[in-house]
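Hi,

Here is the structure we talked about, with some notes to read alongside it. Have a look at it first, then carry on below.

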Amino acid sequence: MAEKVKFSVSLDAELGTALRQYADAQGEQISAVVSQALEQYLDNRRVIREGLRAMDEYFDEHGWPTSEEQAEAQAWVDGLFGEDQREQRTA
């Protein structure tokens, strides 16, 4: 069994309530739910970092996109996800 360490964190009251309700509904300890969520978050961040690093390497080798190409790509993404999603990503 992995060594455990104890942390003290503060959460928004609504988030804390939602966390407690979710853990109860799943029959899990709050610590287990937080650990699983944090593992997923950190893994997602690792994938993003690796993806950005790979993009940098690709662009360094093959050239960076022009402003026009970037605008076309952004328009394509906006068409897929909608402008509202773009605003949420930048907030």
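This is a predicted model: local features need pLDDT of at least 70, side-chain atom pairs count only at pLDDT 80 or more; totals for chains, interfaces and linings use all residues.

**What I found**

Residues are numbered from 1 along each chain as its sequence is written, and side-chain values use heavy atoms, with hydrogens and water left out.

α1 is 14 residues long and spans 20 Å from first C-alpha to last, close to the 20 Å expected at 1.5 Å a residue (the expected span is 1.5 Å times one less than the number of residues). Helices here are DSSP runs of H or I with at least four residues, numbered from the N terminus.

α1 (residues 13-26) packs against α2 (residues 30-62) at an angle of about 105°, and their axes are 9 Å apart. The axes are lines fitted to C-alpha atoms over the stretch in contact, with angles running from 0 to 180 degrees between N-to-C directions. That makes the pair roughly perpendicular, a label for angles of 65 to 115 degrees.

Which residues make the contact? From α1 they are Leu19, Arg20, Tyr22 and Ala23, and from α2 Ile30, Val33 and Val34, where contact means heavy atoms within 4.5 Å. By class that gives six nonpolar residues, no polar ones and one charged; Ala, Val, Leu, Ile, Met, Phe, Trp, Tyr, Cys and Pro count as nonpolar, Asp, Glu, Lys and Arg as charged, and the others, Gly among them, as polar.

**Salt bridges**

There are two salt bridges in the structure, meaning a side-chain nitrogen of Lys or Arg within 4 Å of a carboxyl oxygen of Asp or Glu. Asp43 pairs with Arg46 at 2.5 Å, N to O, and Arg46 pairs with Glu50 at 3.1 Å, N to O. Together Asp43, Arg46 and Glu50 form a linked network.

Within α2, Asp43 and Arg46 sit three residues apart, about one turn of the helix, and Arg46 and Glu50 sit four apart, also about one turn. An α-helix has 3.6 residues a turn, so residues three or four places apart point the same way.

Buried or exposed? Asp43 is partly exposed at 35% relative accessible area, as are Arg46 at 33% and Glu50 at 38% (buried is under 20%, exposed over 50%, partly exposed in between, with a 1.4 Å probe and protein chains only).

Cheers

How values were computed
Helices (H or I, at least four residues) and strands (E, at least two) are DSSP runs, numbered from the N terminus. Angles under 35 degrees count as roughly parallel, over 145 as roughly antiparallel, 65 to 115 as roughly perpendicular and the rest as oblique.
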